[in-house]
Amino acid sequence: MWEHIIEEVHKTEVPLECIKKVVIKLHGKRQRTINLQTLRRQGLDNEELETVLTRTLLELDDQVRDVEFMVDIGAVAELVQPETDKLLTNLK
């Protein structure tokens, strides 16, 4: 169910805490992946993750062809479920 809902959301609207990985596609069929889940496990907070992403994108600026965000469906469900529960409770 969550997969279907997430497909409808524009990736630019997804909060950083719901992104698992960022894949930076470079010219020449190369790519650079930033695994945000791993960095979180290493203790980085969202502000530090944003700094890493910004710095990397600035460093690779003219080489970047595309950027893909891999959404963490579990994190989205965890974030949205309490609000969904409240709405459903109010409907009863």
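Student: Leaving aside its neighbours within four places in sequence, which residues is Leu36 in contact with?
Tutor: In this predicted model, and setting aside the neighbours within four places in sequence, Leu36 is in contact with Leu16, Ile19, Lys20, Lys21, Val22, Leu49 and Leu53.

Student: And which residues touch the most other members of the largest nonpolar core?
Tutor: Those are Ile34 and Leu36, out of the 17 residues that make up the largest nonpolar core. At least two residues of this core come from each of S1, helix H2 (36-41), helix H3 (46-59) and helix H4 (73-91), and the largest share, four residues, is supplied by S1.

Student: OK, S1 then. How does it pair with S2, parallel or antiparallel?
Tutor: Strand S1, which covers residues 19-26, and strand S2, which covers residues 30-35, pair in the antiparallel sense, and six bridges join them.

Student: What stands opposite Val23?
Tutor: Opposite Val23 you will find Thr33, which belongs to S2.

Student: How many residues are between the two strands?
Tutor: There are three residues between S1 and S2, which together form a hairpin, and in the turn Gly28 has a positive phi of about 80 degrees.

Student: Where does Lys29 lie, and what about its phi?
Tutor: Lys29 lies in the loop between S1 and S2, and although Lys29 is not a glycine, its phi is positive, at about 60 degrees.

Note on methods:
Residues numbered from 1 in each chain as written. Predicted model: local features only at pLDDT ≥ 70, side-chain atom pairs only at ≥ 80, totals over all residues. Heavy atoms only, no water. Pairing = 2+ DSSP bridges. Core = buried A, V, L, I, M, F, W, Y, C linked by side-chain atoms within 4.5 Å. Buried < 20%, exposed > 50% of the residue type's maximum accessible area, 1.4 Å probe, protein only. Contact = heavy atoms within 4.5 Å.
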